[in-house]
Each structure stands twice: as C-alpha cells, then as structure tokens.
Amino acid sequence: MDSILSQSIVLPLLLLLISSYASAHIPRLGVQRRASRNKPQQASTLDGLATFYYKQPLDHFNYQPQSYDTFDQRYVIDFKYWQGVNPNAPIVVFFGAEEDIDDDISFIDFPIRFASRYKAMLVYLEHRFYGKSVPFGSIEKAMKNASVRGYLNSAQALADYAEVLLHIKKMLASQTSPIIVIGGSYGGMLASWFRLKYPHIALGALASSAPILYFDNITPQDGYYSIVSKSFKETSQTCHETIRRSWAEVDRIANNKPEGLMILSKRFKTCEKLNGSDELKYYLDHVFTSAAQYNNPHEKPVRGICAAIDEAARKNSDVIEQVVAGVIAFMGERDCYDVFESGHPDNPIDPFTWQEYSEIVMPIGVSGKDKDSMFPTAPFDFNKFKKDCKALYGVSPNPHWITTFYGGQDLKLILHRFGSNIIFSNGLKDPYSSGGVLQNISESIVAIPADEDLQEEREDDPPWLISQRKAEMDIIDAWISKYYVDLLQSNQTLDAH
C-alpha cells in the first residue's frame, strides 16, 4: 500500500468502515470527554506553568539513519509548590496520553494535590504524535507516511518519557529526587508499564482507570458494554428497556425507503443527512457509553439521560422521541447534532486509530451472551478488524504484542515476584474497569476500587471519594518515606567506605 493515503481513498474507506462499525467499534479511552537536545527551551510561561521542548529521537531502539531524526516533544512544569533543588523534593509526573496535554492540564487536578502535599515539581509530559509533539509539525503529514507512523507506539512513548525525566533531573532537580508517575486510562496503562520497564527512574506509579487486562482475551469481550448496561439498568429499568428497543426501531424507520433516513435525520436534528442507520447508531453508542464512562458523582449524566427518557415516556412519546430526549439531556440543546462529533470511526489520520489497530487491540464487543445488555449483538470480529486495518494502513494488527511486551496473562502470579509500588485505582462504574486490576497483587501492588475515580476535588465530594484519595496518598507516603530511609542508609554506607 502506498505510504500516502490520498483523500480520494480515505473517504470511501470511512464510509465502508462506518457501515459495519458495530462489529469492531472500540470505545475511546481518555480521562475526559474529549534548540539543543540537551538544553530545555522555554517557549512560554502561563499561569505559573513553564513550557519546554525536548529534542527526541524518532526511534530509540534502532541505529538506522532515520532513527536519528528528531522532533520537539513538549512538556510543561508547574513550579508552584516546588521546594527547589533539594533531594527531599519529589517530582510528580503526569503522563499525557492520546490527546493534547493542554486538555489534561486544564481538566485534571489530582496531580496538583500530590505536588502540594510533597512540595514537589509537577511535570506534564505530552505523548508523541499528539498536541504539539508531532514529527514534522503536521499530524496529517506524519500519519500519512507509513515509514513514520510506525514510530507511534507505547514503547517509543515510554522511552521518550524516560529521556525527558532524566534530563529534567539533571538540569533542574536533584539526581536523588524520587519520581512518582501518574496517568489515567491509556495514560494509566503507560504509568504502570513505565514502573515495570523503568524502575530505576520511577519510584512508583498511580495507574487510574487503566484497563491493562483488556488484551489477548484476558477479559471477556462483553465486559465494557455490560457495565454500561448495568449502570443504566440500576438507574432506571424503563430507561434501559427503551434504549434496548430503540436500535431495532432505528433500523425499521431507516429501512422505510426512500424517506426513512430523512425522517431520522429530522427527528434527531443531525447536522448532515444520514447516509445509513449505522451512523446514527454509532452516535447513540457514543452518547450512552460516554455517559457511563464519565458518570461522575456530581453531574450524574446517566441519571440525567434516564430522567429525560422516562419523562418523555410519561408523555406517551414514542421510542424515538424518548431517545431524542435522552440525547438532548446529555448533549444539551443545539441547533443540530453532529453524529461524528467525537471523530469519524477509523479515521486514518487520527493517531489513536493507528494505535488501536496496531498494538492497542482491545477485543471489545457485544457477544449476545449478556441477557441484560441494552445494546444490539455485535461481537468483536478479529478477521474483520484485521481486514479494516489492512484497508486503512496496509499492515496487520498485532493483538498479542501488549501482553508479550508488558505481560498480562497470569498477572498476579508474575508481578508479585518482581513488581512493586503500583496503585491500580478504578471506579467500578467506569466500563473500562472490567479490564482493570481490581484485587491486590502484592503488598505494594495494590488495587483501590471505588464507585468512581479521577474526579475534580470539590467541597461536596462524597465520603467514599475522600477516603479513596486518602488511601492513595497514604500508600505513596509510605513509598517516599521508605525511599528516603534507603537513600540515607546508602549514603552512610558510601561514607563508611
């Protein structure tokens, strides 16, 4: 396949893939709804945050000419709580994932709690190929080049993070300052994997909502959608039943040709005329799964959707009107609704689409075995997934690579023998918790399951959320305290010699 995907090829591919999205649709990860190589270059300082760029090699693991090409990786430092160059001042690091790091800085506040507590430097690292950390400065150029997009993978990203952190310690901090890495969702997976691969750099990791077991059929494919369905059913059985019946009703109307799709477009106020019912079902899938995945205890979006659906039912509205009411409750009143607001499925220019098709292969589907599912049967079909990957990128996915490189099979048996200092924090209502670590593996690799996770700190936080945060802090306190005892003993031993 040519390394450049022309627009004339991309559009037909998108329409083909959308038309049967359900069999391979993987809900998006994410913690929210969407100079000289050896010298930091400060580009801007805003609200106490300093932005730097580091010259990263395109390839950390080979010695071919292209491996030495570089790109500017962005990282942002918050010095507000930092004690200065002091071996007793830790470094707290937030791992950027599949988005612009600006989005995380503005949305995620829990790393700030750690920085404040430990008087630490707070570092935000942007993932390669996202935000401003893009080779050649253009994501379209980078993703269309087959010889370049292959360098977008988790192992290269972790090596990036390792280089930057060693550089920061050398230039701005103490060599003995302990580093705690934090991440959520895909970033949480990266944090746990970093601790395993680079224990000489990171003292410990907090991996929040990290589905590291949703690979290689370790977790049943129904796990994600079963939790979504359970959240809706526990909120309102009538709402759950309305959504369950709505899929067939959408198909029935769509099949009423030629005006069926026009009717659906008008009733759902889509910004563009629907080309098929699968476009609408893709959008509704996104609405319902997003509500469950980001169902925080303050906004309660699942409750909001069901309240609107049930209220419409009491007014004797039909199934479609009930679902429309639920969409409006979640998305807000708008002139029109873009069914591809969250992005086109299988967009070859989207870097995470490449990651999902190459190595982050999560076999998520609806097998039909869960009788409480409110979603239509759509099992994960690896053969179709492989075919779609070949059509988009000209390569085949490697569904076993994550467990080969990082582990996953027999996780408890393996990790308790050599791993340490990892917290797996999961909100049990997060559908991705089905692929998370929910039980302690050892004394220092612990699971903290709770109703929810990764929430912005507020005065009206429920007691369980406050307790969860305290538990995380207490564990990290113990890591840091033990590290300083070990450091003191090491220094005394050196002095004795």
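Author: A residue is called buried when its relative accessible area is under 20%, exposed when that area is over 50%, and partly exposed in between. With these terms settled, the cysteines can be taken in turn. The model under discussion is predicted.

In general, a disulfide is a covalent bond between the sulfur atoms of two cysteines. When the whole structure is searched, two disulfides are found.

Cys239 belongs to helix α9, which covers residues 237-254, and Cys306 to helix α12, which covers residues 301-314. The two cysteines are 67 residues apart, and the pair thus links distant parts of the chain. Both Cys239 and Cys306 are buried. About the S-S bond of Cys239 and Cys306 the angle is -70 degrees, and the link is left-handed.

The other bond is formed by Cys271 and Cys336, whose sulfur atoms lie 2.1 Å apart. Here the torsion about the S-S bond is about 90 degrees, and therefore the disulfide of Cys271 and Cys336 is right-handed. Cys271 is found in the loop between α10 (260-267) and α11, whereas Cys336 is found in the loop between α13 (319-331) and α14 (351-358), so this pair ties together parts that are 65 residues apart in sequence. As to accessibility, Cys271 has a relative accessible area of 33% and is partly exposed. Cys336, at 30%, likewise counts as partly exposed. A further cysteine, Cys389, has a relative accessibility of 0% and so counts as buried.

Helix α11 (residues 277-293) packs with helix α8 (residues 223-235) at an angle of about 80 degrees, and their axes are 9 Å apart. Because angles of 65 to 115 degrees count as roughly perpendicular, α8 is roughly perpendicular to α11. On the side of α8, the contact is made by Tyr224, Tyr225, Val228 and Phe232. On the side of α11, Asp285, Phe288, Thr289, Ala291, Ala292 and Gln293 take part. Sorted by class, this contact of α8 with α11 comprises seven nonpolar, two polar and one charged residues.

Key
Residues numbered from 1 in each chain as written. Predicted model: local features only at pLDDT ≥ 70, side-chain atom pairs only at ≥ 80, totals over all residues. Heavy atoms only, no water. Axes fitted to C-alpha atoms, helices over the stretch in contact; angles between N-to-C directions. Helix = DSSP H or I, 4+ residues; strand = E, 2+ residues; numbered from the N terminus. Parallel < 35°, antiparallel > 145°, perpendicular 65-115°, else oblique. Contact = heavy atoms within 4.5 Å. Nonpolar A, V, L, I, M, F, W, Y, C, P; charged D, E, K, R; others polar. Disulfide = S-S within 2.5 Å. Buried < 20%, exposed > 50% of the residue type's maximum accessible area, 1.4 Å probe, protein only.
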